[in-house]
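Hello,

Here is the model I promised to pass on, with the sequence alongside. Please open it and keep it in view while you read my notes below.

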Amino acid sequence: MFLPDKVIIADDHPLFRRALLETLKERLATTNWLQAETVEELDALLKQNTDSDLLLLDLNIPGAHGFNTLIHVRNHFPQIPVVVVSAYEDSDTINKAMSYGASGFVPKSTDVGTIFTAINQVLSGQLWTPESLNNATENDSKAEMADRIASLTQQQYKILLMFAEGLLNKQIAYDLNVSEATIKAHATAIFRKLNVRNRTQAVICLGQLDLSEGEFTQELTQ
């Protein structure tokens with residue numbers, strides 16, 4: 001693990017700051033901890049300590065104006081990684097903070113052990129966000145794909161399953177007793193609904209959800 005020489009904590013809540021410091025000092029005893037309660041104090045510390053290894057930033061310290069302080073720090077002190085420590089926990093705030101250059105986002109409700117893990121990961125050159133955000137993003141993606149697959153007609157879904165079996169258009173046409181042109185037309189509609197370009201991508205979409213035909217039929221009838 002990389003042991004930081006100097007870390008700045010910018011937070012105007014003394015109780016939270018004290019509790020965080022007491023716990024982190026037990027694990028990072030040799031680190032020099034600097035504290036700021038306002039944007040003005042933070043700016044002064046940053047100018048005097050450009051060699052700091054990390055900034056723990058509360059988005060709501062006085063004078064912060066939303067993400068402006070984060071953006072300012074990333075523009076003027078790009079060598080200092082920033083972990084946002086915030087009372088906000090919604091995915092929109094987390095995603096915006098990361099898009100504005102934060103190396104990590106830790107909700108204040110996070111237990112201190114996990115905060116330490118996040119700091120350690122960022123100091124190792126990686127990004128860190130709450131596991132709940134990662135799960136939510138994955139679930140949103142799967143939910144969207146489930147909706148797309150559910151938009152297929154029964155015939156289109158059956159054809160998609162036959163794509164997954166590796167059957168050619170002419171084989172599918174023979175099995176379903178329709179023309180090959182009809183299969184091609186269905187394929188075009190399937191690709192459009194799934195927002196893909198070819199059979200391979202369509203099959204990958206199906207595999208992401210691992211839907212069975214019975215589950216699909218049940219979803220259609222709900």
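Helices (H or I, at least four residues) and strands (E, at least two) are DSSP runs, numbered from the N terminus.

This is a predicted model, so local features need pLDDT of at least 70 and side-chain atom pairs count only at pLDDT 80 or more, while totals for chains, interfaces and linings use all residues. Residues are numbered from 1 along each chain as its sequence is written, and side-chain values use heavy atoms, with hydrogens and water left out.

**The sheet**

Let me begin with the strands. An open sheet is formed by 5 strands in the order S2-S1-S3-S4-S5, with parallel pairing (two strands pair if DSSP finds at least two bridges between them). Strand S2 (32-36) and strand S5 (104-107) are at the edges with a single partner strand each, so one side of each has no neighbour in the sheet. From one strand to the next, the twist averages 20°; axes here are lines fitted to C-alpha atoms, for helices over the stretch in contact, and angles run from 0 to 180 degrees between N-to-C directions.

Val 84 has Phe 105 in S5 as its bridge partner, and Val 85 stands opposite Val 106 in S5. In a regular strand the side chains alternate between the two faces of the sheet. In S5, Gly 104 and Val 106 point one way, Phe 105 and Pro 107 point the other way, and all are buried.

Strand S1 (residues 6-10) holds Ile 9, which is buried with a relative accessible area of 2%. Which residues does Ile 9 contact, leaving aside its neighbours within four places in sequence? They are Arg 17, Leu 20, Leu 21, Trp 33, Leu 34, Gln 35, Ala 36 and Leu 56, where contact means heavy atoms within 4.5 Å. Ile 9 and Glu 37 are 28 residues apart in sequence, and their C-alpha atoms are 8.5 Å apart in space.

Within H2, the buried residues are Val 39, Leu 42, Leu 45 and Leu 46. They cover an arc of only 125° around the axis, so they are on the same side of H2; the arc is that of the directions from the helix axis to the C-beta atoms. Their packing partners are S1, S2, S3 and H3. Glu 40, Lys 47 and Gln 48, on the other side of H2, are exposed.

In helix H4 (residues 91-99), Thr 93, Ile 94, Ala 97 and Met 98 are buried. Looking down the axis of H4, these buried residues fall within an arc of 130°, so they line one face of the helix. After H4 comes Gly 101, with a positive phi near 110°.

**Rings and charges**

A search of the whole structure finds 2 aromatic pairs. Rings of Phe, Tyr and Trp (its six-membered ring) pair if their centres lie within 6.5 Å; planes under 30 degrees apart count as stacked, over 60 as edge-to-face and the rest as tilted. Phe 163 and Phe 191 have ring centres 6.4 Å apart and planes at 35°, so the pair is tilted. This pair links distant parts of the chain, with Phe 163 in helix H7 (residues 154-164) and Phe 191 in helix H9 (residues 180-194), 28 residues apart. Phe 163 is buried at 4% relative accessibility, and Phe 191 is buried at 16%.

Arg 27 lies over the face of Phe 116, 4.8 Å from the ring centre, and Lys 108 lies over the face of Phe 16, 4.7 Å from the ring centre. A charge sits over a ring if NZ of Lys or CZ of Arg is within 6 Å of the ring centre and within 35 degrees of the ring normal.

Best wishes

Conventions: Buried means under 20% relative accessible area, exposed over 50%, partly exposed in between (1.4 Å probe, protein chains only).
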